[in-house]
Amino acid sequence: MPMEIIKNSRREFIKTAAVVGAGAAILPSWACKTSKNALIASPAIYPAGDGFIQEPLPYAYGALEPHIDARTMEIHYTKHHAAYIKNLNAVVTHKEIAAKSLEEILQRVSKLPEDIRTTVRNNGGGHWNHTFFWKIMSAPTNSAPQGELLEAINKGWGGLETFKTEFEKAASTRFGSGWAWLVKTKKGLEITSTANQDNPLMDVSDVQGIPVLGVDVWEHAYYLHNQNRRADYLKNFWNVVNWSEVQELYSK
Ligand code: MN3
């Protein structure tokens, strides 16, 4: 990672933090824009200055209601996601990961020295996954996949509804805590799931590739609103998928 990019990321963060200011729960309107907004670029996933940073949520905590409630979003973002970053930053100066992008680190996570391997796998994974998750959601818009992405979904599953059923199946059958993913691989699009905070970027993942859609199925993501009903949470999730962002990730 060239130093210039790291410095720029740091500057961007300081600018953004200054605008958001004072821990406002409701972000200014410019922060609610979707994928063209600078917030959606990914400065948070580079070590910057004192460590990795948490980007402002690209919408207000209540923006996904009634599908995902404001309190869940607030706790999820300010407590759970923030804790992964704090724990990751506790080891961020280790020479094996210093000045590397989070993607580079995760792609060889199994090769990391034993003293930091589990910390980086759980907390680096947690930081990457949540940064990603916030971006592939948006206020409900009734949007749907289009163009090349829709073609790939049709090719893989014969139609959007079958795809959704298969994705929900992967998410609901993930035992305990983890994630379900739609991944761009050498073979095309594949659905998979991972345990804990693993993800398909990691060399430990069964299916490896570029995530284009993902859903957090840890209970902290839905328990306040849905209690034990993971299936209801998954049905609601489709209402807040930011398909234009998914499309962009797929096209990259
Ligand atoms: Mn989570």
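User: How is burial read here: is Phe163 buried or exposed?

Analyst: A residue is called buried under 20% relative accessible area, exposed over 50%, and partly exposed in between, using a 1.4 Å probe and protein chains only. Phe163 has a relative accessible area of 0%, so Phe163 is buried. Trp238, at 9% relative accessibility, also counts as buried. Across the protein, buried residues make up 49% of the 252 residues. The model is predicted: local features need pLDDT of at least 70, side-chain atom pairs count only at pLDDT 80 or more, and totals for chains, interfaces and linings use all residues. Residues are numbered from 1 along each chain as its sequence is written, and side-chain values use heavy atoms, with hydrogens and water left out.

User: How many aromatic pairs does the structure hold?

Analyst: Rings of Phe, Tyr and Trp (its six-membered ring) form a pair if their centres lie within 6.5 Å; planes under 30 degrees apart are stacked, over 60 edge-to-face, and the rest tilted. The structure holds 16 such pairs. In the pair of Phe163 and Trp238, the ring centres are 5.9 Å apart and the planes stand at 65°, so the arrangement is edge-to-face. Phe163 belongs to helix 6 (residues 160-172), while Trp238 sits in the loop between helix 8 (230-237) and helix 9 (243-251), so the pair ties together parts that are 75 residues apart in sequence.

User: Which residue lies over the face of Tyr250?

Analyst: A charge sits over a ring if NZ of Lys or CZ of Arg is within 6 Å of the ring centre and within 35 degrees of the ring normal. Lys184 is placed over the face of Tyr250, at 5.0 Å from the ring centre.

User: What pattern does the protein follow along the sequence?

Analyst: Helices (H or I, at least four residues) and strands (E, at least two) are DSSP runs, numbered from the N terminus. The protein has nine helices and three strands, and the pattern along the sequence is α-α-α-α-α-α-β-β-β-α-α-α.

User: Which residues are the protein donors of the manganese ion?

Analyst: Donors are N, O and S atoms within 2.8 Å of the metal (3.2 Å for Na, K and Ca); water is not among the atoms, so sites may look incomplete. For the manganese ion, the protein donors are His76 (NE2), His130 (NE2), Asp216 (OD) and His220 (NE2), at 2.0 to 2.1 Å from it. Along the chain, these donors follow the spacing H-x53-H-x85-D-x3-H. His76 in helix 2 (residues 70-89) and His130 in helix 4 (residues 114-135) are 54 residues apart, and the pair links distant parts of the chain. Both His76 and His130 are buried.

User: At what angle do the axes of helix 2 and helix 4 cross?

Analyst: Two packed helices are described by the angle and the distance between their axes. Axes are lines fitted to C-alpha atoms, for helices over the stretch in contact, with angles running from 0 to 180 degrees between N-to-C directions. The axes of helix 2 and helix 4 come within 8 Å and cross at roughly 140°. The crossing of helix 2 past helix 4 is left-handed, a label used if the near helix is turned anticlockwise from the far one by less than a right angle, and right-handed if clockwise. Contact means heavy atoms within 4.5 Å; the residues making it include Met73, His76 and Tyr77 of helix 2, and Thr119, His130 and Trp134 of helix 4.

User: Where is Tyr222 found?

Analyst: Tyr222 is in the loop between strand 3 (210-216) and helix 7 (223-226). Its relative accessibility is 3%, so Tyr222 counts as buried. Not counting residues up to four places away in sequence, Tyr222 touches Val217, Gln227, Asn228, Arg229, Arg230 and Tyr233. Tyr222 and Ile68 are 154 residues apart in sequence, yet 7.6 Å apart in space, C-alpha to C-alpha.

User: Backbone angles also deserve attention; what is the phi of Asn142?

Analyst: The phi of Asn142 is near 60°, a positive value in a residue other than glycine. Asn142 lies in the loop between helix 4 and helix 5 (147-157) and is exposed, with a relative accessible area of 78%. Gln227, likewise not a glycine, has a positive phi of about 50°. Gln227 is in the loop between helix 7 and helix 8, and at 31% relative accessibility it counts as partly exposed. The peptide bond from Glu65 to Pro66 is cis, with omega near 5°, and Pro66 lies in the loop between helix 1 (3-20) and helix 2.
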